[in-house]
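Please examine the arrangement of helices in the structure shown below.

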Amino acid sequence: MELNYSKNQIILYGKVCKLDTLINKLSSLSGEQVYHFLIDRTTQLPRRINCMALISVLNNRIKFLHSNSMPKDAFIKLQYYASYSEQQLFMLFQKICTEEDFVSYRKNLFSLIIDNYQQLNLNDGELMYLKNLNKQPIGSFPDYFNYITGACLEQPNTFDGQDIDVLKSNLQYSASNQDVFDLALKYGVPLPTRLKREEYLEFIFDYLKRKGNYSEVVASDLNAMNITQISTYARRTGIPMQPNMSKTELITYLFYFLGLCEIPTTSMDEIKSSPKYEPLEFRVDLQAIDSFGKGEPKRVIYYAGDHEDTSIMADVIKEASLRLEEKEEETLENGSQAPVEEAIEEPIQASPVEKIEETLEEEKEEKLEEVAPWKFIGKKQQDQKALEDDILAMKAEEELMAEDIINETLAQIPTKEVVEIEEPTIEIDTNKVGQNPEYGTGKIEALANSKSHVVALSISIGLALVAMVVILLFMLVL
């Protein structure tokens, strides 16, 4: 096999073929056909190649996103695009790409495969076999993607097509809790929302061993505690885990679990690439984004070399602005406009100039709100959201203070070892992690009541009875 990019040629069995014609033919095969070819090969496709094919298409779409393309929080996460895993790239592709982009993705995928034919040990016979296959229905992008990712393997020190250390540190900023659950689900990892006592202790013991702080005395003390006391101990000693897991703790537990497993890898180490397969370097102007997407579309993406595409960007924003204006005109035509009453002239009393200007401005806004109320929806929603955020923050702070007080009190009460009800758990093979679309999570473990509560209740009832007797005797004497 020989490649001649300048002449757009590939030589198979001594016969010259057009390179782009071959790529078009291979990209027209169904995901199932490609899967059966890739899965049976000795050298399997690195998952990173699939990520690169996605990136090459996403780059062009990202360039022309404007302020109304996505919510503000999605643009914030987009800033960490270079560290996205395959699952995150897939979700972004579904949000912003088109059917034409799906075609480009398939072509770019096979271009990468052919570019790396030597590292993949791809021979002339295999390409001729694919070339001669009869076409089958390709189906949707998610179906095709699932076939491709199902035939890929990791490279050393990678997970879901991204460097493990990079992915672990950036998931915190680029993913939601649901994104973390989806990533775990993709590989059949039973990521729970709450840890059972045994799972919690197992994590803590492993953490203490890695830090060199484990001892039999500490283990014995922890084994005698209930889950609330263990949680208090973890918080005091800086162990990054709580039974009710936050996003940070979900990520920590996911990679802790993966550390116990063997992740299958491909024998291909290096990937031949070109600039179009690398993540786009850009910045996001977050100040230009309207939180509710109601304002005029504005440019928010600025990237290296964007002077070449300035006119195209202007056309994109202009087109979006025209669509927004048409929508507003249609709303005005269909909706009933409130009649504007004539202003009654009244003598203006002597007052400071600033107050007169403020009054006129308020009257102007009131009239404008009557005629075009949609222009004030974003402001009202923003004010309401700010008020709700303040209330939620106060409630969260109160709950946290109450929890700390309860934990401090429980930690001082001597308790016996709690006997907890055994619940069925999922058997997971930690020798190897593969893709598995089904997994389950355990139910929340019920906490046993301490006997000290019964004693305290008995004392309280006794004191109440004594008080009642004293009151009755006092009334009889009178």
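This is a predicted model: local features need pLDDT of at least 70, side-chain atom pairs count only at pLDDT 80 or more; totals for chains, interfaces and linings use all residues.

Residues are numbered from 1 along each chain as its sequence is written, and side-chain values use heavy atoms, with hydrogens and water left out.

Two packed helices are described by the angle between their axes and the distance between the axes. Helices here are DSSP runs (H or I, at least four residues), numbered from the N terminus. Axes are lines fitted to C-alpha atoms over the stretch in contact, and angles run from 0 to 180 degrees between N-to-C directions. On the side of helix 3, the contact (heavy atoms within 4.5 Å) includes Ile49, Met52, Leu54 and Arg61, and on the side of helix 6 it includes Asp101, Tyr105 and Leu112. This contact has eight nonpolar, four polar and two charged residues. In this classification Ala, Val, Leu, Ile, Met, Phe, Trp, Tyr, Cys and Pro are nonpolar, Asp, Glu, Lys and Arg are charged, and the others, Gly among them, are polar.

Helix 6 also packs against helix 1 (residues 19–27), at an angle of about 120° and with the axes 9 Å apart. Helix 1 and helix 6 are therefore oblique to each other, and their crossing is right-handed. Leu19, Leu22 and Ile23 are among the residues that helix 1 contributes, and Arg106, Phe110 and Ile114 are among those from helix 6. By class, the contact of helix 1 with helix 6 has six nonpolar, three polar and two charged residues.

A further pair is formed by helix 9 (residues 164–174) and helix 14 (residues 247–259), which pack at about 160° with axes 9 Å apart. That angle makes helix 9 roughly antiparallel to helix 14. Residues of helix 9 including Leu167 and Leu171 meet residues of helix 14 including Ile251 and Phe255.

The model has one cavity of 30 Å³ or more, a cavity being a set of points on a 1 Å grid over the protein atoms alone where a 1.4 Å probe fits but cannot get out. The largest cavity has a volume of about 60 Å³, taken as the space filled by probe spheres set on the points, which are joined across faces, edges and corners. Its lining (residues with an atom within 4 Å of a point) includes Ser85, Met91, Leu171 and Asp182. Helix 5 (86–96) and helix 10 (177–186) each give two or more residues to this lining.

Terms used:
On a 1 Å grid over the protein atoms alone, a cavity is a set of points where a 1.4 Å probe fits but cannot get out, and a pocket is an open set with protein on both sides within 12 Å along at least five of seven lines; lining residues have an atom within 4 Å of a point. Angles under 35 degrees count as roughly parallel, over 145 as roughly antiparallel, 65 to 115 as roughly perpendicular and the rest as oblique. A crossing is left-handed if the near helix is turned anticlockwise from the far one by less than a right angle, and right-handed if clockwise.
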